[in-house]
Amino acid sequence: GRRLPALFEHCGLEDVRHEAATEVVRGGSPWARWWAVTLEVIHELGGGGAVDSDQRELEVMTKALADPTVWIMREILHACWGRRVRDRE
């Protein structure tokens, strides 16, 4: 995401702007519950690896995601835009 402005400029856009936003949520929130289930599904499908350390990491993460005393920063969402200058010939 943070490379988007340079990529937009490389494509010839001008007046490039970029914003990023995130949210900090409490463990046990609807997002945290959704993310815990998502991580478990990824792990079951093989995305988490097949070693014991991956299982332990999953357990630590899902425990934190369920704990309302834990605050978690969500993913960062990026928006980038620019203006294409048309030839004035």
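Student: How many residues apart are Trp-31 and Trp-35 in helix α2?

Tutor: They are four residues apart in helix α2, which separates Trp-31 and Trp-35 by about one helical turn. Before we go on, please keep in mind that this is a predicted model, in which local features need pLDDT of at least 70 and side-chain atom pairs count only at pLDDT 80 or more, while totals for chains, interfaces and linings use all residues. Residues are numbered from 1 along each chain as its sequence is written, and side-chain values use heavy atoms, with hydrogens and water left out.

Student: OK, and what counts as a helix or a strand here?

Tutor: Both are DSSP runs numbered from the N terminus, where a helix is H or I with at least four residues and a strand is E with at least two.

Student: Back to those two Trp residues, what kind of aromatic pair do they form?

Tutor: Trp-31 and Trp-35 make a stacked pair, with 6.0 Å from centre to centre and 10 degrees between the planes. Rings of Phe, Tyr and Trp (its six-membered ring) pair if their centres lie within 6.5 Å, and planes under 30 degrees apart count as stacked, over 60 as edge-to-face and the rest as tilted.

Student: Why is the pair of Trp-34 and Trp-35 tilted, then?

Tutor: The planes of Trp-34 and Trp-35 stand at 40 degrees, with the ring centres 5.6 Å apart, so that pair is tilted. Through such ring pairs, Trp-31, Trp-34 and Trp-35 are joined into a cluster.

Student: Is Trp-31 buried or exposed?

Tutor: Trp-31 is buried, at a relative accessible area of 14%, whereas Trp-35 is partly exposed at 28% and Trp-34 is partly exposed at 49%. Buried means under 20% relative accessible area, exposed over 50% and partly exposed in between (1.4 Å probe, protein chains only).

Student: Which other residues of α2 are buried?

Tutor: Besides Trp-31, the buried residues of α2 are Ala-32, Ala-36, Thr-38, Leu-39 and His-43. They cover an arc of only 165 degrees around the axis, which puts them on the same side of α2; the arc is that of the directions from the helix axis to the C-beta atoms. The face turned away from that buried side carries the exposed residues Pro-30 and Glu-44.

Student: New topic: how many salt bridges are there?

Tutor: The structure holds four salt bridges, where a salt bridge is a side-chain nitrogen of Lys or Arg within 4 Å of a carboxyl oxygen of Asp or Glu. One of them joins Arg-83 to Glu-14, with the closest N and O atoms 3.8 Å apart. That pair links distant parts of the chain, since Arg-83 is in strand β4 (residues 77-84) and Glu-14 in strand β1 (residues 13-21), 69 residues apart.

Student: What about Arg-74, which residues does it meet?

Tutor: Arg-74 meets Glu-23 in a salt bridge at 3.2 Å, N to O. Arg-74 lies in the loop between β3 (71-73) and β4 and Glu-23 in the loop between β1 and β2 (24-26), so the pair ties together parts that are 51 residues apart in sequence. Arg-74 also forms a salt bridge with Glu-75, at 2.9 Å from N to O.

Student: Last one, how many disulfides does the structure hold?

Tutor: It holds zero disulfides, a disulfide being a pair of cysteine sulfur atoms within 2.5 Å.
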